[in-house]
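Subject: Handover of a structure and its aromatic contacts

Dear colleague,

Please find the structure below, handed over for your records. My findings on its aromatic rings follow.

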Amino acid sequence: MKFVRVLFRVLLVLWAGSLWSLLWVATILFHLQSDRHLAGLLVSRLFQIETYLGLGVAALAIVLPSRTRYYWGYVAAAVLAMNEWILKREMSLARSEGTAAGLGFGAWHGISAGLYVLACLCVVVVIYKDEYRHA
């Protein structure tokens, strides 16, 4: 069980760092890549990786004895999953059709970005509370 706790701690810190760093990486990609579609595809793939990493960390937290201390981490993983499997589809539909559920691409993108930042903040709360240290 000690190995699982150590692995969890390392993955949590890596996930938190990569979540926050992806905010500026996405900005740089769109700034430096003249093909906005290609930049969007690359950033989308990076967000997908973040989602799977978050779900992996959450799954690892579930097997720990102190799994209830990781509440905000579960929220972060759920928000990212919602972004990946629900909002991404709506954004794509809005881009191709002009709107999805009455909202345009920009509105869906804003909602998605807001949820991503919410996930980032949730992970900060986990680390701030040191919930992972006693797992």
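Is tyrosine 71 buried, partly exposed or exposed? In this predicted model, tyrosine 71 is partly exposed, because its relative accessible area of 49% falls between the limits of 20% and 50%. Tryptophan 72 is likewise classed as partly exposed, at 32% relative accessibility.

The aromatic pairs number five. One of them joins phenylalanine 47 and tyrosine 116 in an edge-to-face arrangement, with 4.8 Å from centre to centre and 65° between the planes. Because phenylalanine 47 belongs to helix 2 (residues 36–62) and tyrosine 116 to helix 4 (residues 105–128), this pair ties together parts that lie 69 residues apart in sequence. As to accessibility, phenylalanine 47 is partly exposed, with a relative accessible area of 26%, whereas tyrosine 116 is buried, at 4%.

Tyrosine 71 and tryptophan 72 also form a pair. Their ring centres are 5.0 Å apart and their planes stand at 80°, so this pair is edge-to-face; the cut-off for that class is an angle over 60 degrees.

Two further findings concern aromatic residues. Phe8, Tyr70 and Tyr74 make up one aromatic cluster.

Yours sincerely

How values were computed:
Residues numbered from 1 in each chain as written. Predicted model: local features only at pLDDT ≥ 70, side-chain atom pairs only at ≥ 80, totals over all residues. Heavy atoms only, no water. Phe/Tyr/Trp six-rings, centres within 6.5 Å; stacked < 30°, edge-to-face > 60°. Helix = DSSP H or I, 4+ residues; strand = E, 2+ residues; numbered from the N terminus. Buried < 20%, exposed > 50% of the residue type's maximum accessible area, 1.4 Å probe, protein only.
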